[in-house]
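Please look at the chains first and then read on.

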Amino acid sequence: MVRLSAQSRIIQAGFLLAMGALWYYATAVGGVHRLLLPPPGEVWKTFYGLVQTEEFWRSVKVTFWSIAQAYFIAASAGIIAGYILTRSKLITDIMEPVLSGLFTVPLTLLLPIFILFFGIGPASKIAYGATYAFFPVALNTIAAFAHVEERWLRAAQSMGASRWSTFRHVLIPSAFPVVITGLRIGFVICFASVLGGETIASAVGIGHNISLSAEQMEPGRLYAWIAFVTVTAVALNLLLSAIENRVVKRDRR
Amino acid sequence: MSAPDANNDVAISVRNITQRFGEAGSPDEVLALDDVSLDIKRGEFVCLLGPSGCGKSTILNIVGGLFKPTQGTATVAGRLVEGAPHPDQIAFVFQESTLLPWYTVIENFRIALKFRGMNKAEWDDRAMAALRAVGMASFARHYPDQLSVGMRQRVNMARGLCVETPILLMDEPFAALDEQTRMVLGEDLSQLLAARQKTIVFVTHSLAEAVFLSDRIFVMTARPGKIKTIIDVNESHPRSPDFMLEPRFSELRNECYALLRDEIRRTVAAQRDPQPAGT
């Protein structure tokens, strides 16, 4: 990623401020009903009250623990499966289109099936998030290991490199940046799936609170939760991009 | 006087090699090499010269053990090559730089020496000596991407030399370089060789490069590749650029060209649309 200039940073900050101002304007002057969109001040007040409750922290814990478990499963299964598939060109050619085809199916359609299998608790959301995030990780891992430059492998072979040496010094460093990108995309998908799954069908967690607030006509609480998730998501994505840039830059010039 | 032991003089021996690519019997099947035999003596610099696609690189890859020929055998230092590299005998220098971009220059040398199972204590001494020989010692801590194409290829060549194998196989090592860099690197190579008793097989399609560097030039035919003629260049190493100004140099070059011209025409004709009959 290109390092952003100060100018771009100012424009980004300006964009956020404009969104906030628009929000305020719509509620204060624009006449948008507070049941549909409460003013920012009310949302902030509700949020402040919310973080003092035990329920808030219990929900946050359930959701983030679900995301962590789903992501661990998706990342390890995706990398292992992706790598093993690329050990045969034939299997790669057969399986790569199957996986990318499956990835285009909106897996949200299968959420009811996950609920049938794993129940209404966190387990179904973990399974759903893990399944969804598996695809970008596996697909990127396949792309990374299937397209290691032939000339590097040939050179290593001619120098008498063992299989392990070739893996350690050629395959891994060559695949690394692409795998890392897959891991970042996988995380974003995992985050969205677990929260989305919770919002559609759940008894606990942040998503459950969001849908509950909407049903109970409590817009302040609804937007407080949404704002919390938004800020957390942006912060996590910034963190992941920073890690990605760092390791990729260090590893491949 | 007893006859010299033939095996001691011959570094590389290729016997009746035929190479086909593509599925047998399919329209894609290509006969790349057709019953090629050749002997290369110890300490000799040999060029394989021929039109593109004539199988020059294929010979090199077979001798280096990167793959097995369809038929025939290759022997290196008395040992049969059976589709497996002999890194203790042979080093490769390829056309494109094969330096790994995630390692610095010196790390690339260490890896090469490690792959060949050299003693760790010797890695840096050997690497630096090879880099000094090509005038690149001050770039040891640079990454390949920070070097120009010419510098990269210089380093690439030094890496091939640092492992000190008796045989060096060079597959168009200077093809990606401009004419001037190419001549300078050619001179460097000639200098480096004078000091070491190496057997070199060098693939090229540059006539001047072939004449300037070789002891013998193996001129090949268009596909399917065969050895058409062997030309001797009687000139000791290291060769100075003055050699290129001698009438003998031009004569040899013209001789090569005369031999190659028909082959190049055949290659070009095969790549064109079929001509309508009777024209």
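## About the model

This is a predicted model, in which local features need pLDDT of at least 70 and side-chain atom pairs count only at pLDDT 80 or more, while totals for chains, interfaces and linings use all residues. Residues are numbered from 1 along each chain as its sequence is written, and chains are lettered from A and ligands numbered from 1 in the order in which they are written.

## Chain A

Chain A has 10 helices and zero strands. Helices (H or I, at least four residues) and strands (E, at least two) are DSSP runs, numbered from the N terminus. The C-alpha atoms of chain A fill a box of roughly 75 × 50 × 30 Å along the principal axes. Of its 253 residues, 32% count as buried. A residue is buried if 20 or more other C-beta atoms lie within 10 Å of its own, exposed if 12 or fewer, and partly exposed in between, with C-beta atoms placed from the backbone.

An automatic or database domain assignment gives the domain bounds: domain 1 of chain A covers 1-32 and domain 2 covers 34-251. Their C-alpha centres lie 27 Å apart. Eight residues of domain 1 of chain A are in contact with eight residues of domain 2 of chain A; two residues are in contact if their C-beta atoms, placed from the backbone, lie within 7 Å. The side of domain 1 that touches domain 2 has six nonpolar, two polar and no charged residues. Here Ala, Val, Leu, Ile, Met, Phe, Trp, Tyr, Cys and Pro count as nonpolar, Asp, Glu, Lys and Arg as charged, and the others, Gly among them, as polar.

## Where the chains meet

The contact takes 17 residues from chain A and 17 residues from chain B. On the side of chain A, helix 7 (150-158) and helix 8 (163-200) each supply at least two residues. Helix 7 of chain A gives the largest share, seven residues. By class, the side of chain A that touches chain B has seven nonpolar, five polar and five charged residues.

## The sheet of chain B

In chain B, six strands form an open sheet in the order 6-7-8-3-9-10, with mixed pairing. Two strands pair if DSSP finds at least two bridges between them. Strand 6 (90-93) and strand 10 (227-232) of chain B are the edge strands, each pairing on one side only. From one strand to the next, the twist averages 15°.

Strand 3 (residues 45-49) and strand 9 (residues 216-220) of chain B pair in the parallel sense over four bridges, and B:Leu48 stands opposite B:Phe218. Strand 6 and strand 7 of chain B also pair in the parallel sense over four bridges, with B:Leu168 as the bridge partner of B:Ala91. In a regular strand the side chains alternate between the two faces of the sheet. In strand 6 of chain B, B:Ile90 and B:Phe92 point one way and B:Ala91 and B:Val93 the other way, and all are buried.

## Nonpolar cores

A nonpolar core is a set of buried Ala, Val, Leu, Ile, Met, Phe, Trp, Tyr and Cys residues joined through C-beta atoms within 7 Å. The largest has 75 residues, of which B:Val63 and B:Val201 touch the most other members. Helix 3 (residues 105-115) of chain B gives the largest share of this core, six residues. Apart from it lies another core, of 42 residues, including A:Tyr71 and A:Cys190.

Key:
Axes are lines fitted to C-alpha atoms, for helices over the stretch in contact, and angles run from 0 to 180 degrees between N-to-C directions.
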